[in-house]
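This report describes selected helices of one protein model, their packing and a few of their residues. The sequence and structure are shown first.

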Amino acid sequence: NATSNAEEQKDKTNGGGDKPLLNKSAILKILAESVKSYQTVALYITEHIYRSGSSSLISDDTTALSFILDKMFHLNDVNMDRECPAMAQTLISAIASSDVSQAQETVVQEVKMALQRALKEAETNEKHLHIEGLASLIPAMIDNNGSGTTGSTNDNNQLFKNSNHTNVRHNIFYIMLEKGIITDLARAVQYLELGGPNTISTINH
């Protein structure tokens, strides 16, 4: 399936051997489009776990979402695929806008935990890039337009889709409030070195 293919791709990318057929951003884009077209894919992704040792980048068991949020939301390597952060945001936003409530709950919790991990990192430029990437993700999850599903374009169907999407937007926002992620974001400044050169930029995000 798509998630296992993504895992195999990561192994190839970090194995130093064969050139990968697809880069990480392409895989993230495919997964995002799959979520938009087939809503249950969101659940498969949120439940997927990478086992320790399955890649040189994975030393402990971790969820696919944790890996994406920790490793792909900021450019932490000069050789990193530069489209990864944008495509990772597209994927997470697609899951947030799905109509699978369990997937929505999980993705919000994963973003909350990723933000907490980022805030506890040592004071470096990478820490600020990570926080900025996650801070930009939260409004994108709320404002993401449309579910990407296809169907008839007649007025009644369009009205139904618009109404359903409004409910989804409200849903994800209230889940964020319930999980406390908005409060965590507001308190982020407490974890930053106020005299640091990157602090103002991070706060503005």
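## Helix 2 and S25

Buried residues of helix 2 are K24, S25, I27, L28, L31, A32, S34, V35 and K36; buried means under 20% relative accessible area, exposed over 50% and partly exposed in between, with a 1.4 Å probe and protein chains only. Helices are DSSP runs of H or I with at least four residues, strands are runs of E with at least two, and both are numbered from the N terminus. Helix 2 covers residues 24–37, and its 14 residues should span 20 Å at 1.5 Å a residue; the end C-alpha atoms are 20 Å apart, which agrees. The expected span is 1.5 Å times one less than the number of residues.

The model is predicted: local features need pLDDT of at least 70 and side-chain atom pairs count only at pLDDT 80 or more, while totals for chains, interfaces and linings use all residues. Residues are numbered from 1 along each chain as its sequence is written, and side-chain values use heavy atoms, with hydrogens and water left out.

S25, within helix 2, has a relative accessible area of 8% and is therefore buried. Apart from neighbours within four places in sequence, S25 is in contact (heavy atoms within 4.5 Å) with D81, E83, C84 and M87.

## Helix 4 against helix 5

The axes of helix 4 (residues 64–71) and helix 5 (residues 84–96) come within 10 Å and cross at roughly 140°. Helix 4 is therefore oblique to helix 5; angles under 35 degrees count as roughly parallel, over 145 as roughly antiparallel, 65 to 115 as roughly perpendicular and the rest as oblique. On the helix 4 side, L65, I68 and L69 meet A88, L91, I92 and I95 of helix 5. The residues of this contact comprise seven nonpolar, no polar and no charged.

## F73 in the connecting loop

F73 lies in the loop between helix 4 and helix 5 and, at 4% relative accessibility, counts as buried. Leaving aside neighbours within four places in sequence, F73 is in contact with I68, P85, A88, Q89, I92, L129, G133 and L137. The C-alpha atoms of F73 and L129 are separated by 8.3 Å, with the two residues 56 residues apart along the chain.

## Helix 5 against helix 7

Helix 5 packs with helix 7 (residues 125–143) at an angle of about 35°, the axes being 9 Å apart. Q89, I92, S93 and A96 of helix 5 make the contact with G133, S136, L137, A140 and M141 of helix 7. By class, this contact has five nonpolar, four polar and no charged residues.

Technical notes
Axes fitted to C-alpha atoms, helices over the stretch in contact; angles between N-to-C directions. Nonpolar A, V, L, I, M, F, W, Y, C, P; charged D, E, K, R; others polar.
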